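Subject: Handover of a protein structure

Dear colleague,

Please find the sequence and the structure below.

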Amino acid sequence: MSLVTDSPVHSSSSDDFAAFLDTELDSKSSASSASDEETPNQRHSDSAASSSPDQDKEAEEDDDSDFQSKRVKRSKVETLEIVEDDGGTTSFASLKHNSEASISKEICTHPGSFGTMCIVCGQLLDGESGVTFGYIHKGLRLGNDEIVRLRNTDMKNLLRHKKLYLILDLDHTLLNSTQLMHMTLDEEYLNGQTDSLQDVSKGSLFMLSSMQMMTKLRPFVRTFLKEASQMFEMYIYTMGDRAYALEMAKLLDPGREYFNAKVISRDDGTQRHQKGLDVVLGQESAVLILDDTENAWMKHKDNLILMERYHFFASSCHQFGFNCKSLSEQKTDESESEGALASILKVLRKIHQIFFEELEENMDGRDVRQVLKTVRKDVLKGCKIVFSRVFPTQSQADNHHLWRMAEQLGATCSTELDPSVTHVVSKDSGTEKSHWALKHNKFLVQPGWIEAANYFWQRQPEENFSVNQIKN
């Protein structure tokens with residue numbers, strides 16, 4: 001196939017694209033990897049070192065010479081054979097070189113650049129345009145048209161293999177980390193229970209001495225990733241820095257089976273303090289997101305499945321203002337079989353099934369966001385809720401997050417009592433509406449009943465959230 005129309009950037013696999021750049025452009029990947037994975041201390045040392053003006057000038061000349069060399073290499077790449085494996089991932093099977101082949105710069109639309117060099121024809125470009133995909137390969141930028149084309153191509157490939165995209169947050173979603181200096185006296189016992197870094201696949205608690213950190217993987221996470229990988233092309237997306245993101249990826253995916261190059265950190269985002277799908281090579285209509293922070297995805301809330309936060313370490317509880325003992329201080333943990341990840345895996349299976357089986361006749365119009373809304377609305381379907389002294393004023397009720405959450409879960413919310421009401425949500429059993437609920441044999445529950453249903457995607461036993469159980 002022609003390199004002009006089917007360049008390596010046209011591959012639907014960011015992992016293979018990264019490997020191709022390493023090979024064909026002689027991109028000094030070992031130096032890049034070392035830089036990407038440097039520890040905070042190393043980064044500080046590097047930034048402290050300075051170079052003379054003459055050294056900087058020589059480095060610039062070397063870079064220009066290096067780019068020219070890469071251009072010659074690329075002009076010799078004529079064709080490339082692409083093969084899809086059984087899992088839906090595109091890989092580069094072989095390369096054929098033709099010394100007489102050349103690419104006309106006049107017809108090249110420059111779909112992307114590597115540094116300042118066009119990734120197709122090798123021409124040095126003026127200025128920068130498009131979106132940076134540094135997590136795929138350092139210095140890579142893709143133009144908007146090419147991003148759209150890539151997403152369309154990859155979408156067709158994934159749909160053939162009945163897969164969607166899944167974006168996974170790290171902290172409080174898949175794991176919990178703490179700085180060693182923040183560990184409490186009640187957590188000191190953990191120092192003698194850490195697992196070996198030589199074979200992380202069998203462990204869940206790790207001491208990362210180089211980062212002065214301890215990390216605990218969430219129960220069920222390894223089974224979750226294995227099962228989810230059969231249904232999704234998965235990305236890591238964290239607000240942590242790249243060095244941290246890569247270390248966590250090693251713990252979660254030591255065999256590089258699930259993520260490989262698809263690890264996005266805050267250094268790769270295009271908007272400060274926000275996460276966005278603009279740096280993901282997947283169509284939004286096929287993307288699901290697992291994250292514990294709703295406000296991180298202001299533009300993509302319809303794709304989001306909000307996770308219950310995993311607070312294993314005491315510092316995590318303190319960070320979010322909880323004045324209670326953490327799981328580690330209580331010497332306990334989430335349930336493997338009934339914890340957050342096990343519950344969400346069931347939801348993902350249901351969404352996947354509806355998307356590919358029940359909507360099979362409407363292939364072109366399928367949107368996973370609509371499926372997500374449908375599944376969510378089944379959680380509290382048939383419930384009619386009245387709130388009592390939950391909101392500051394009654395006029396603010398329908399704008400309150402609990403009101404909106406209940407409606408998203410399929411419940412009907414009202415300000416008036418009538419025989420059709422099934423639940424009264426209150427913090428106080430002494431209110432007039434609470435008395436009415438008890439008198440008419442209606443459910444009287446705490447606000448946490450709605451939040452729990454939202455996290456676990458199923459109606460929770462009302463007796464576990466009885467207002468009478470609140471201790472004054």
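Lys262 is buried, since its relative accessible area is 4%. Here buried means under 20% relative accessible area, exposed means over 50%, and partly exposed lies in between (1.4 Å probe, protein chains only). Lys262 is placed in the loop between α7 (242–252) and β12 (263–264). Helices (H or I, at least four residues) and strands (E, at least two) are DSSP runs, numbered from the N terminus. The side chain of Lys262 also makes a polar contact with the side chain of Glu233, at 3.4 Å. A polar contact is a pair of N or O atoms within 3.5 Å; within protein, one must be able to donate a hydrogen and the other to accept it, and residues adjacent in sequence count only if both atoms are side-chain atoms.

Two remarks on the basis of these notes are needed. This is a predicted model, in which local features need pLDDT of at least 70 and side-chain atom pairs count only at pLDDT 80 or more, while totals for chains, interfaces and linings use all residues. Residues are numbered from 1 along each chain as its sequence is written, and side-chain values use heavy atoms, with hydrogens and water left out.

The protein as a whole

The secondary structure of the protein comes to 13 helices and 18 strands. Of its 472 residues, 49% count as buried. Among contacts between residues at least 6 apart in sequence, 66% join residues at least 24 apart. Contact means heavy atoms within 4.5 Å.

Ala245 belongs to helix α7. Is Ala245 buried or exposed? Ala245 is buried, with a relative accessible area of 0%. Leaving aside neighbours within four places in sequence, Ala245 is in contact with Leu170, Thr238, Val263 and Ser265. One of these, Val263, is 18 residues from Ala245 in sequence and 6.9 Å from it in space, C-alpha to C-alpha.

The loop between β12 and β13 (287–291) holds His273, and Gln274 is in the loop between β12 and β13 as well. His273 counts as exposed, at 58% relative accessibility, whereas Gln274 counts as buried, at 16%. His273 has a phi near 65°, a positive value in a residue other than glycine. Not counting residues up to four places away in sequence, Gln274 touches Tyr237, Met239, Asn295, Ala296, Trp297 and Met298.

Two packed helices are described by the angle between their axes and the distance between the axes. Axes are lines fitted to C-alpha atoms, for helices over the stretch in contact, and angles run from 0 to 180 degrees between N-to-C directions.

The axes of helix α9 (residues 340–358) and helix α10 (residues 368–377) come within 10 Å and cross at roughly 125°. At that angle α9 is oblique to α10. Angles under 35 degrees count as roughly parallel, over 145 as roughly antiparallel, 65 to 115 as roughly perpendicular and the rest as oblique. Which residues of α9 and α10 meet? Lys350, Ile351, Ile354 and Phe355 in α9 meet Val368, Val371, Leu372 and Val375 in α10. The residues of this contact divide into 7 nonpolar, no polar and 1 charged. In this division Ala, Val, Leu, Ile, Met, Phe, Trp, Tyr, Cys and Pro count as nonpolar, Asp, Glu, Lys and Arg as charged, and the others, Gly among them, as polar.

The axes of helix α6 (residues 221–228) and α9 come within 10 Å and cross at roughly 10°. This makes α6 roughly parallel to α9. Val221, Phe224, Glu227 and Ala228 of α6 form the contact with Leu341, Leu345, Leu348 and Arg349 of α9. The residues of the contact of α6 with α9 divide into 6 nonpolar, no polar and 2 charged.

The loops on either side of α12

Ser429 lies in the loop between β17 (423–426) and α12. With a relative accessible area of 28%, Ser429 is partly exposed. Not counting residues up to four places away in sequence, Ser429 touches Ser434, His435, Leu444, Val467 and Asn468. Ser429 and Leu444 are 15 residues apart in sequence and 8.0 Å apart in space, C-alpha to C-alpha.

Asn441 is placed in the loop between α12 (432–439) and β18 (443–445). Asn441 counts as exposed, at 72% relative accessibility. Although Asn441 is not a glycine, its phi is positive, at about 60°.

Yours sincerely
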